[in-house]
Structure formats: structure tokens, C-alpha cells
There are 4 protein chains.
Amino acid sequence: MEYQKILTSIQNEISSIDNTGKVASYIPELAKVDAAKLGMHLHCINSGHYHFGDNTEKFSIQSISKVFALTKAMLLLGDDLFERVDVEPSGDPFNSLVQLEYENGIPRNPFINAGALVVCDILVSKLENPKNDLLDFIHKLVNSKNIGINRNVFESEKKHSHRNMSLLNLMKAFGNIKNNIEIVLDLYIHLCSIEMSCEELSKAFMIYANGGKLLYNQEQIVPSRKVKRINAIMQTCGFYDEAGEFSFRVGLPGKSGVGGGIVAVHPGQYAVTVWSPPLNPKGNSELGMYSLEQLTTLTGLSIF
Amino acid sequence: MEYQKILTSIQNEISSIDNTGKVASYIPELAKVDAAKLGMHLHCINSGHYHFGDNTEKFSIQSISKVFALTKAMLLLGDDLFERVDVEPSGDPFNSLVQLEYENGIPRNPFINAGALVVCDILVSKLENPKNDLLDFIHKLVNSKNIGINRNVFESEKKHSHRNMSLLNLMKAFGNIKNNIEIVLDLYIHLCSIEMSCEELSKAFMIYANGGKLLYNQEQIVPSRKVKRINAIMQTCGFYDEAGEFSFRVGLPGKSGVGGGIVAVHPGQYAVTVWSPPLNPKGNSELGMYSLEQLTTLTGLSIF
Amino acid sequence: MEYQKILTSIQNEISSIDNTGKVASYIPELAKVDAAKLGMHLHCINSGHYHFGDNTEKFSIQSISKVFALTKAMLLLGDDLFERVDVEPSGDPFNSLVQLEYENGIPRNPFINAGALVVCDILVSKLENPKNDLLDFIHKLVNSKNIGINRNVFESEKKHSHRNMSLLNLMKAFGNIKNNIEIVLDLYIHLCSIEMSCEELSKAFMIYANGGKLLYNQEQIVPSRKVKRINAIMQTCGFYDEAGEFSFRVGLPGKSGVGGGIVAVHPGQYAVTVWSPPLNPKGNSELGMYSLEQLTTLTGLSIF
Amino acid sequence: MEYQKILTSIQNEISSIDNTGKVASYIPELAKVDAAKLGMHLHCINSGHYHFGDNTEKFSIQSISKVFALTKAMLLLGDDLFERVDVEPSGDPFNSLVQLEYENGIPRNPFINAGALVVCDILVSKLENPKNDLLDFIHKLVNSKNIGINRNVFESEKKHSHRNMSLLNLMKAFGNIKNNIEIVLDLYIHLCSIEMSCEELSKAFMIYANGGKLLYNQEQIVPSRKVKRINAIMQTCGFYDEAGEFSFRVGLPGKSGVGGGIVAVHPGQYAVTVWSPPLNPKGNSELGMYSLEQLTTLTGLSIF
């Protein structure tokens with residue numbers, strides 16, 4: 001597969017597109033990012049790296065970190081995890097609080113905020129130093145210690161966390177948060193504040209393309225059965241209420257963040273990351289969605 | 001892959017399971033079916049047929065017919081179809097009417113009843129004899145004319161169609177149903193009343209495993225791009241509000257019906273059908289779900 | 001009480017108000033009405049009639065007819081009625097279908113469309129000629145046979161009844177509609193199409209101010225206990241999702257219609273009707289609300 | 001009116017009723033109350049006091065305190081209050097968080113928890129010592145300083161306040177809470193923990209029956225226009241999602257609390273309090289509802 005040729009073609013086409021998206025502004029720090037940033041990085045199991053643009057520049061991975069948190073929690077807790085968080089798509093945009101009320105404090109899936117907060121609660125219960133342990137886990141995936149959080153983003157998120165506090169309190173009322181709310185929130189924001197580049201994310205997500213093994217040394221980090229399940233959850237729940245649209249247009253499991261990043265995985269083939277900060281109305285990177293749609297169209301390959 | 005060995009192993013294991021599901025009873029005709037019926041039929045692209053049990057006995061395919069209707073409508077209307085029906089999972093069990101109201105009469109996806117009714121409305125607009133044309137389409141897929149409807153099921157459904165009439169009227173109020181409501185409903189019920197065996201369904205769904213080509217003569221019936229999209233919709237929306245669970249446990253696109261049938265597709269590999277009438281609380285065949293989970297566990301292969 | 005002086009003062013004040021409301025346009029016939037029409041008519045138990053403007057001109061009473069239908073059904077069925085329709089305010093604007101689904105086809109109250117349709121179903125069950133019987137009932141209340149329906153409005157509503165058909169089918173699915181749907185709808189639309197003047201409505205609603213007795217001959221038409229209950233339902237449910245606002249500003253039980261009419265009752269004192277076609281965003285006559293607020297402010301009397 | 005005779009008749013009838021209600025148990029302190037407690041106290045404007053049973057025993061007034069808080073906030077802020085909290089009935093039991101989300105953090109009315117929390121936020125903004133000032137206000141209404149809070153109830157509620165914290169955080173995210181969340185919650189719980197007897201509550205609520213004047217010295221504490229509005233809000237919103245039922249059966253404005261108390265007001269006539277801890281499924285005192293229904297039935301008088 002001539003991946004570099006395809007990426008270059010995507011880069012060329014994208015440069016002429018009128019980007020109508022808007023950079024996330026709910027926290028001041030995210031709003032400061034340069035809207036023109038654009039990078040793509042594909043890491044192929046068999047043939048190495050392909051990329052263009054700002055692929056080595058770090059950005060705020062935000063909700064993409066929920067995949068790492070889920071993976072770690074599945075390793076620690078096994079299937080019991082899914083008694084505290086479901087795996088169904090969230091369906092409608094108005095839903096977080098509504099569904100939590102109907103469904104007795106059990107979040108729909110681990111990638112909506114409520115679900116990721118439950119995952120963080122589990123990590124707080126199971127780990128002595130959850131913040132460090134999660135960063136160590138990512139360091140191992142990427143084979144680099146040069147990954148950390150953005151302190152300004154962390155502080156900025158902290159000041160705008162009333163909705164997450166609302167979710168935490170509601171789930172606490174239902175008994176689905178076991179630890180101190182402040183500590184759980186602190187871990188959650190810490191994870192959202194991690195910064196990584198397209199290249200680093202593609203390296204990290206290689207375990208999901210490679211059946212749970214690190215590509216660089218073939219160590220089995222996650223059992224292949226769990227990897228399948230994580231990919232399945234990314235497929236059905238990775239894009240807020242646009243999961244169906246992403247599946248329909250792109251046809252790969254993936255996860256987006258409001259920092260403008262999207263990672264997608266073709267199991268057995270590659271992991272790929274795009275970064276472009278302006279978001280569409282559903283909160284996913286507009287050019288990111290388009291680039292990945294072009295990728296599976298031009299390669300003629302998706303999981304379907 | 002030793003498919004027959006795997007199927008036999010599934011058959012053995014299932015025979016010892018205490019089936020807690022319940023046969024669909026919302027219409028009297030469906031309630032009459034023998035709960036002990038059980039059949040499985042896998043049609044492999046490369047190596048032919050594998051099966052056990054009642055795999056050649058016809059049953060009411062019910063909502064599985066929505067895949068054929070969607071395919072035909074996509075061939076007739078192209079992407080304009082998706083201005084009248086979305087491709088997002090429906091999310092919550094209480095939703096049909098609620099979401100239609102919020103979202104101005106645009107159904108969430110073509111596999112919930114509201115969406116399938118819009119698809120039928122399109123077929124009524126575009127075809128002179130939609131009932132015959134749809135049967136002809138299925139005949140071509142299966143390479144057999146021995147497929148028709150069950151007249152008793154048809155009459156029984158007709159008498160219990162107030163919810164669908166409610167949906168049709170609501171969408172008509174929003175302008176998203178163009179034809180006479182009775183005619184659209186008549187086509188919809190006709191499609192639900194089609195009877196096919198596991199073997200016939202696996203043959204018919206081979207186009208979704210084979211990139212849109214009939215396996216028996218390699219004729220391209222559906223463009224491969226459309227097949228991908230149909231598979232993607234099956235993946236995210238094929239199992240009511242249990243789509244995430246099916247994706248998580250089985251990892252294949254598929255579609256279920258309240259007659260107890262489930263068809264699943266592994267693109268490039270096979271189409272497989274299971275039939276066992278007792279349904280779990282979410283309306284999907286209990287043993288069918290389990291058999292397919294075993295299939296992808298024992299083969300070690302899924303799309304993820 | 002110097003009612004005429006107060007009414008004249010209201011008339012003067014209203015003439016200088018910039019009416020921002022909009023005439024109902026969901027059916028063409030209603031949209032034709034002259035937006036400048038304005039009439040008010042107060043019928044006092046002790047001291048006769050006070051009025052201004054177009055108080056003797058007939059208009060489409062629309063939902064005001066639901067009070068007559070409820071009264072008749074309560075006389076025929078007694079408290080069993082309230083097993084098929086509740087008496088709680090409907091709360092939110094998106095609700096009719098939502099709440100019907102949650103609450104198994106039992107409408108929130110007899111003044112939302114779903115509830116009035118159940119009331120009509122009861123009238124169809126209990127009466128041989130429900131259309132005539134209802135008109136006869138109104139004739140008796142007003143002591144005049146000069147009240148009928150507007151045939152154009154009837155035909156126009158009939159063509160725009162998909163939402164009501166949707167409600168009827170949903171409730172039929174739940175078993176809460178017993179008769180043929182078309183017949184129930186026909187009666188419902190017939191009642192909505194009745195035309196009355198402010199004067200006639202105030203005369204008719206006198207039974208609710210006079211403990212169930214006709215003022216002109218003191219015949220007890222409705223038991224006083226039932227009158228209290230009807231007044232209570234008007235108080236909590238008479239103004240769609242603006243019942244609280246009306247209660248807060250006006251402080252009287254009442255009922256509005258999208259034809260621009262509002263009738264209110266001060267038990268033991270008077271019945272009063274205002275008519276001004278432009279509606280506020282919640283569907284109630286803008287100047288009607290204001291006039292009645294002025295009435296209870298200037299008289300210094302309300303039920304509170 | 002022979003009130004004492006009527007009250008005695010109610011007492012006799014109630015003693016033979018099989019009470020199916022359940023004492024509130026969401027906080028341990030409330031669950032400790034003796035379920036057999038029963039008292040009623042009617043304070044008539046013209047003719048003094050009538051009572052039976054435990055009418056002088058103090059109990060936890062809980063949500064009844066929301067009427068005092070609202071009154072004080074209306075005196076401090078005027079109609080601007082109603083830009084931050086609406087006056088519509090809340091409609092459905094699942095609603096608090098749902099409606100706050102739809103309606104941008106504006107609670108439906110001041111008697112649901114969210115609305116009372118906004119009222120408390122206003123009191124915190126406007127008063128130096130809101131806790132003391134509110135108690136002083138009640139002392140003045142009752143003409144007694146012998147009213148305070150139950151410290152055990154206060155501590156117990158504090159430990160079970162996650163739902164209220166959830167509401168506060170959500171409204172803070174929408175900008176409708178201005179002060180520190182902990183301080184607002186502290187005031188709210190303080191008010192819920194006030195203890196009063198039936199006699200004291202009937203004395204205090206006399207201002208709502210007496211047009212805003214203290215009966216004991218005719219001092220105008222609240223303008224009569226505001227009293228009308230408070231009565232109107234009690235009428236439409238005073239009983240959670242059973243406001244319609246109370247209005248229908250009793251026909252008076254009133255307010256209930258989960259401590260088992262209900263106060264009702266007949267403007268111009270009397271204020272009456274009943275206390276019986278077991279609650280019906282909607283959270284209102286079962287015997288309290290019944291006693292008040294009997295009161296308006298036997299007197300033949302209500303506001304309707």
C-alpha cells in the first residue's frame with residue numbers, strides 16, 4: 001500500500017478546503033491553540049511511518065486519554081468493570097445526566113464523561129499513584145518518557161469542572177463512585193491534560209492494531225481478547241453522538257478529543273492520528289474526520 | 001479454519017445451556033413457534049457451507065428484512081437517503097417517539113422501526129411494485145425463487161400495528177412520509193413477514209461479505225462503497241439498544257429479528273446465520289448471541 | 001364592584017400596547033382571522049353583563065371545548081374517568097408523546113390533546129350521537145340554539161390531524177382507546193370547530209362560577225363537587241405549559257384556545273372571556289393573558 | 001363553621017384507616033420518627049384555633065421551609081427573582097436534572113430542590129446572616145422565639161446531599177448559582193432542619209391566609225400582591241408531581257414536606273396543618289392528604 005502517496009494526496013486536498021469548524025473554547029487554555037495546525041501520522045505494522053504537517057507537535061489529547069484509562073482499568077479489574085459502566089452508545093446529545101438518572105447511576109459507556117469518571121474512580125481504588133502509573137503506562141506504550149501534562153490546561157480545566165462535579169455527585173448518590181470526589185476529579189483532569197503528538201499517539205495505539213502487543217518488542221501488554229473489546233467500544237462509542245457517522249464514513253474504530261485529535265485503528269494494519277483543532281458542531285475535528293474518510297476511501301480498506 | 005468442528009462444538013455447548021429467553025409474543029402468530037428450534041449455517045467465501053440443526057427450516061425473518069430494504073433504497077436513491085434517516089445508534093429503549101419529536105421526524109437510523117418505515121416510503125415512491133421488486137431482489141441474492149411471505153404472520157402483524165401507525169403519522173406531520181400511510185405500512189409488514197431459512201439468509205448476506213458481488217456468479221449487485229456503509233450501520237445499529245453489547249461480545253456487523261434469527265457478516269470471510277426463537281430482554285435471540293460470541297472466540301477472529 | 005369601569009380601563013390600556021403575538025397558523029382557516037379583533041365579556045352572578053369590543057362576534061373556541069367535553073364525560077362516567085386520564089400538569093412542552101410512552105398510554109390531564117382524545121373516546125362509547133349531544137349540552141348552558149361548528153375549520157383541521165392520529169394510535173396500542181380511531185378523531189375535531197362569542201362563552205362557563213347550576217333557572221346541571229374538580233383541573237392544566245404563569249399572574253382557573261380565546265372563572269363571582277387572536281410563544285392569547293391579569297389586579301380579587 | 005366538630009370527625013375516621021404509607025428513610029434521622037404520630041391544627045382568621053392529636057409536637061418541616069425562603073427572597077429581590085427560577089409545575093418525577101439541562105439551569109419552580117437552592121443562593125447574596133435572619137423571620141410570623149433546627153437532622157442531611165451537590169454544580173455551570181456551593185448548601189440544609197409543630201406552622205402560614213398581615217397585630221409583613229403569587233405557586237407546585245391531585249382532591253394552595261407535614265391555606269378563612277409521617281409513593285403524607293380532602297369536603301368550601 002502506498003501510504004505516503006495517499007497521505008500526501010490527502011494533505012493537498014485538505015489545503016484547499018474551507019474549514020468551517022471552531023476551536024474548542026469552553027476552557028481558555030484550549031482556545032489559545034493555533035487553528036491552522038494540521039498533522040497526520042500513520043504507523044503501519046509492517047512498513048513503518050508515514051506522515052505530513054505538524055505530526056510531531058504535542059497537543060492536548062483530552063478525551064483520547066479515556067482509552068488509556070479504560071485499558072488500565074480493564075487490566076486491573078477485568079469484566080467486573082462492566083457492572084459499573086455499560087458499553088452502549090450514548091445516543092443523544094442531551095443525555096449524560098438524563099440517562100444516569102434513568103439507569104441508576106450506571107453510565108452508558110466508558111467514553112462519555114460519566115463513564116470515564118467511573119473508570120478514574122476504579123483507578124483511584126486500585127492504584128497507589130494513579131497519575132504516575134497512567135503516565136508510566138503510556139511511556140511504555142510509546143517507548144518514551146517524554147510525555148507529560150500541560151499544567152496550564154490542567155489548571156484551566158479545574159476551574160471549569162462544575163458539570164463533572166455534578167456528574168460525580170449524582171453517581172455518588174447512586175453509590176457508583178467509591179472514592180473522594182475531589183481525588184477522582186483530579187485524576188480525570190490530569191488525564192485530559194496529557195500532551196502527545198500525532199506520532200506518539202500512533203505509536204501508543206499500535207497495541208490496539210497489534211492484538212495487544214508492543215510492536216517494538218512484541219511484549220503482550222494487553223490480552224488480545226481485551227483489545228478486541230476496546231476496539232469494539234471505540235467503534236460504537238468513540239465519537240460522542242457521531243459514532244454512527246464516523247463508522248459510516250470512515251469504518252474504523254477510533255477516539256477523538258476536543259483538542260482536535262483523532263486516533264483510528266485498523267486492526268492488523270495500522271494506527272493513525274490526525275490533528276486539526278477546529279471542531280464540527282458535534283465536537284469532533286472537522287478536517288480529522290475528513291482526512292480519515294479519505295484514507296479509507298483511497299486505500300479501499302476498512303474493517304467493513 | 002475448521003469451521004465445522006467449531007460449529008459442532010458450539011452445538012454441543014448450547015445443548016447444555018438453560019435458555020432463559022422468551023419467544024416473542026406481541027403477535028399471536030410468532031408466539032406459536034417451537035421454542036426448541038435451533039439452527040446455524042455459516043457460508044464461507046472460500047470453502048462453502050457449514051451448519052447444524054434446523055438450518056434449512058424457514059422462519060419469520062422480521063427486522064432482518066430491513067437490511068434488504070435499506071440496500072434497495074440506497075441503490076435507488078443514493079446518499080440523499082441519509083437526509084431522511086440518520087445513521088446514529090438509537091441509544092435508549094424509550095426512544096422512538098421521543099427522538100422523532102426532538103429531531104423533527106428524522107429517525108435515528110434505518111433499522112429502528114421509524115427508520116425502516118421511511119425506507120419503505122422511499123421504496124413506495126421509487127418502485128411500481130415494491131413488494132414484488134423486493135422479493136425479486138432477495139430471489140436474486142439467494143439464487144432461488146422459493147422465498148415468500150407467511151400470510152398468517154402478515155395478517156397478524158396488520159392487526160397489531162398501532163405503534164407503527166403512530167410513528168407514521170408523527171413523521172407525516174413532520175413531512176418525512178410522502179406517500180399514503182396505509183400503503184407504506186402494508187409494504188413494511190410485507191417485508192417483516194418474509195420467511196427464510198438460516199441457509200438462505202447466509203446465502204443472501206454473502207453480498208455484504210463479498211464486497212457487493214454475488215458469490216455464485218461474481219456479478220456486482222451493490223457498489224463496494226455502499227456495502228461498507230451498510231456493514232457499518234449494521235455494526236452500530238443492528239441490535240436495537242444492544243448494539244454495543246453485540247459489538248463488544250461478537251465483534252461483527254449483524255442484524256437480528258424478533259423471530260429469533262441473527263445474521264452476522266465477517267467481510268472477506270463469511271456470512272453466518274443462527275436461529276433460536278427465545279429472546280433476551282432486549283429482544284435479541286439469546287442463544288443466537290451466545291453462539292456468535294463463541295464463533296468469534298473459537299475462531300479467534302473478528303473485525304477487531 | 002365597578003366592573004364596567006375596570007373593563008373600560010383595560011380596553012384603554014390595551015389599545016396602546018404593541019402586540020407581539022402571532023395568529024395561529026398551523027391550519028390555514030385559523031390564519032385567516034383578523035388579528036385586530038378584541039373583545040371582553042364579564043358575566044357577574046349578581047349584577048349581570050359587562051363588556052367591550054368584539055364581545056358578540058363568534059370565533060373558533062378550539063381547546064376551550066375540552067372543558068365541555070370533560071364535564072359531559074364526568075357526568076357520564078364519574079370518577080372512573082380518572083383511571084384513563086390523570087389530573088397532573090403536563091410540565092414540559094416536548095411531552096405529549098414522551099409522557100404517554102413512560103406512563104403507558106395514560107395522558108397527563110384531560111386538557112392536553114391526548115387527554116381530550118381519551119375523553120372523546122369515552123363520549124363515543126357512552127353516547128349515541130356524541131356530536132349532537134355535546135352541542136345540545138352547550139345550547140342548554142347558554143340557553144340558545146344558535147351555536148354550531150365552522151365547517152371550513154373542521155375540514156382544515158381534518159387535513160392537519162397527523163399528530164392527533166399519532167397520539168390515538170399510540171394510546172390504542174396501550175389499550176386506552178376503545179373505539180374506532182377515525183370516529184374519535186372526528187368528534188374531537190368537531191368540538192374544536194365550535195364557534196362561540198365572548199358573551200356566549202361567559203354564559204356557558206357560568207355553571208363553573210355558580211356551583212354547577214344554570215344561572216338563568218338555577219337548575220343543577222353538574223354536582224358542585226364535580227364543578228370544584230373541573231375548576232381545579234383548569235387551574236393546574238388549563239394553559240399548556242404556562243399554567244403556572246397564568247395562575248401566578250391572574251390567579252383564576254381558566255382555559256385557553258389557539259383561536260385566541262381565554263375563559264376564566266372566579267367561583268361565586270363571575271365568568272369572563274377575552275378574545276384576541278395573536279398568541280404568545282406558548283400558544284395563549286397575549287392580550288387575553290394581559291387583560292385578565294389587569295382584571296384581577298384592578299379588582300384586587302382572585303381565588304388567592 | 002363548626003370546625004372542631006369537623007376535625008373530630010376527621011380524627012375518628014382516620015383512626016380506622018389502614019395507613020399504607022412509608023416514613024421517609026433517605027436519611028437515618030427522619031426514619032427514626034414514630035409513624036403513629038398524628039396531629040391537625042386549624043387556625044381560623046375569625047374564630048381562633050381547632051385541633052386534635054399531636055398538634056403541639058415539633059417535627060421536621062423539611063420542604064415546607066421553602067415557602068418561608070421564597071417569601072423572604074421575594075421581599076429582598078422582587079420580580080427579578082423570577083428570571084432565575086420559573087413558576088411552572090415540574091410535571092414529571094424524573095425531571096430535576098433533565099429539565100435543568102434543557103432549560104439552561106433555570107429551575108421549573110422555587111419548590112423543587114433546584115429552585116429552592118437558587119432561592120438560597122439569593123438569600124446568601126442578600127443577607128449577612130441568612131440562617132439567623134430566616135429564623136428571625138419565622139419567629140416574627142409565629143410570635144415566638146422557640147423555633148430552631150434539629151442538629152441531628154442537619155448533620156444527617158449533610159451526609160446525604162450528593163444529589164443537591166449535583167444540582168448546585170450543574171446550575172453553577174450554567175451561571176445560575178453565584179455564591180460558594182458549600183455555603184448555599186449549608187443554608188438549604190439548615191432550613192430543611194427547622195422543627196415546628198402543627199400549631200406553629202398554622203400560625204406562621206396565617207400571613208398567606210390574611211393577605212400578608214400578621215393576625216396578632218395586623219402588621220403588613222408581605223404585600224398582598226406577593227401573597228397572592230406565593231399562594232398561586234403553592235397551588236400549582238406545592239406537591240411535587242402530585243400538585244394536580246392535591247388541587248383536584250383538596251382545592252387549596254399548600255405545601256408538603258417529607259417529614260410528613262402538610263400546610264394548606266384558604267385565603268380569607270384559615271391556615272391548617274396536618275402531620276402524619278407515613279408518605280405515599282409520591283412523597284406526600286398519606287393521611288395528611290386524606291385529612292385535608294375531608295376538611296374541604298365536610299366544610300363544602302375550597303377556593304374553587
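Student: Which residues point one way from strand 6 of chain C, and which the other way?

Tutor: Please bear in mind that this is a predicted model. As a general idea, the side chains of a regular strand alternate between the two faces of the sheet. In the present case, C:Gly261, C:Val263 and C:Val265 point one way from strand 6 of chain C, whereas C:Ile262, C:Ala264 and C:His266 point the other way.

Student: Are these residues of strand 6 of chain C buried or exposed?

Tutor: A residue is taken as buried if 20 or more other C-beta atoms lie within 10 Å of its own. By that criterion, all of the residues on both sides of strand 6 of chain C are buried. Because 6 of the 6 residues in strand 6 (residues 261-266) of chain C are buried, this strand is largely enclosed by the rest of the structure.

Student: In which sense do strand 5 and strand 6 of chain C pair, and over how many bridges?

Tutor: Strand 5 (residues 254-256) of chain C pairs with strand 6 of chain C in the antiparallel sense, over 3 bridges. Within this pair, C:Ser256 stands opposite C:Ile262. The hairpin of these two strands of chain C has 4 residues between the strands, and C:Gly260 takes a positive phi near 100 degrees there.

Student: How many bridges join strand 6 of chain C to strand 7 of chain C?

Tutor: There are 6 bridges between strand 6 of chain C and strand 7 (residues 270-275) of chain C, and the two run antiparallel. C:Val263 has C:Thr273 of strand 7 of chain C opposite it. These strands also form a hairpin, with 3 residues between them, and C:Gly268 in the turn has a positive phi of about 85 degrees.

Student: Let us turn to helices. At what angle do the axes of helix 3 and helix 12 of chain B cross?

Tutor: The axes of helix 3 (residues 65-77) and helix 12 (residues 224-237) of chain B cross at roughly 145 degrees and come within 11 Å. Their crossing is right-handed. From helix 3 of chain B, B:Val67, B:Leu70, B:Thr71 and B:Met74 meet B:Lys226, B:Ile230 and B:Met234 of helix 12 of chain B. By class, the residues of this contact are 5 nonpolar, 1 polar and 1 charged.

Student: Finally, how many residues does the contact take from chain C and from chain B?

Tutor: Chain C contributes 13 residues to the contact and chain B contributes 13 residues. On the side of chain C that touches chain B, helix 8 of chain C gives the most, with 8 residues. That side of chain C has 7 nonpolar, 3 polar and 3 charged residues.

Technical notes. Residues numbered from 1 in each chain as written. Chains lettered and ligands numbered in written order. Predicted model: local features only at pLDDT ≥ 70, side-chain atom pairs only at ≥ 80, totals over all residues. Contact = placed C-beta atoms within 7 Å. Nonpolar A, V, L, I, M, F, W, Y, C, P; charged D, E, K, R; others polar. Buried ≥ 20, exposed ≤ 12 C-beta atoms within 10 Å, placed from the backbone. Pairing = 2+ DSSP bridges. Axes fitted to C-alpha atoms, helices over the stretch in contact; angles between N-to-C directions. Left-handed = near helix turned anticlockwise from the far one by under 90°.
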